[in-house]
Amino acid sequence: MAWIEALHIISVICWFAGIFYLPRLFVYHAMSDDQISKDRFVIMERKLYRGIMTPSAIATVFFGGWLIASAPDFYLRQGWLHAKLTLVIVLIVYHVSCGWFMVRFRENRNTHSHVFFRYFNEVPVLILIAVVILVVVKPF
């Protein structure tokens, strides 16, 4: 199980790398004025979302599910795990919303400013802090 746990942690790190960077690209994309920059951001966003974020999210859920399935009697009685899984669901919704914003940018239909995306970029930081505290401290 140590290998599965290691693969879960690696997947989480890769997923969060993308989750932190994509909204930052949205900030710069929203600030760009010329078509060359906009086209470049569309490519970068798509490659990050499809090539890193989504596969990492799938791997995270897969390996996390495998860990739970390895000892369901233990894990499913842990209150902290239920809170963590709730935050994972929120993060998946955030991930999907990033895909939605990516499409809006690609179609030149974005209506949000770079300031909006600066705040939007902070949401996963709060989730990460809460998840790490839940997993390490196990407060309940």
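## Aromatic pairs and positive phi angles

Asparagine 108 is exposed, at a relative accessible area of 54% (exposed is over 50%, buried under 20% and partly exposed in between, with a 1.4 Å probe and protein chains only). The model is predicted, so local features need pLDDT of at least 70 and side-chain atom pairs count only at pLDDT 80 or more, while totals for chains, interfaces and linings use all residues. Residues are numbered from 1 along each chain as its sequence is written, and side-chain values use heavy atoms, with hydrogens and water left out.

Asparagine 108 sits in the loop between helix 4 (79–106) and helix 5; helices are DSSP runs of H or I with at least four residues, numbered from the N terminus. Lysine 138 belongs to the segment after helix 6 (123–137). Most residues other than glycine have a negative phi.

| Residue | Phi | Relative accessible area |
|---|---|---|
| Asparagine 108 | near 55 degrees | 54% |
| Lysine 138 | near 50 degrees | 40% |

Lysine 138 also lies over the face of tryptophan 80, 4.9 Å from the ring centre (NZ of Lys or CZ of Arg must be within 6 Å of the centre and within 35 degrees of the ring normal).

Aromatic pairs number 18, counting Phe, Tyr and Trp (six-membered ring) with centres within 6.5 Å; planes under 30 degrees apart are stacked, over 60 edge-to-face and the rest tilted. Phenylalanine 117 and phenylalanine 120 are edge-to-face because their planes stand at 90 degrees, with centres 6.2 Å apart. Both lie in helix 5 (residues 114–120), three residues apart, about one helical turn. Phenylalanine 117 is buried at 0% relative accessibility, and phenylalanine 120 is buried at 12%. One aromatic cluster includes Phe117 and Phe120, along with Phe26, Tyr94, Trp100, Phe101, Phe105 and Phe116.

Technical notes: Helices (H or I, at least four residues) and strands (E, at least two) are DSSP runs, numbered from the N terminus.
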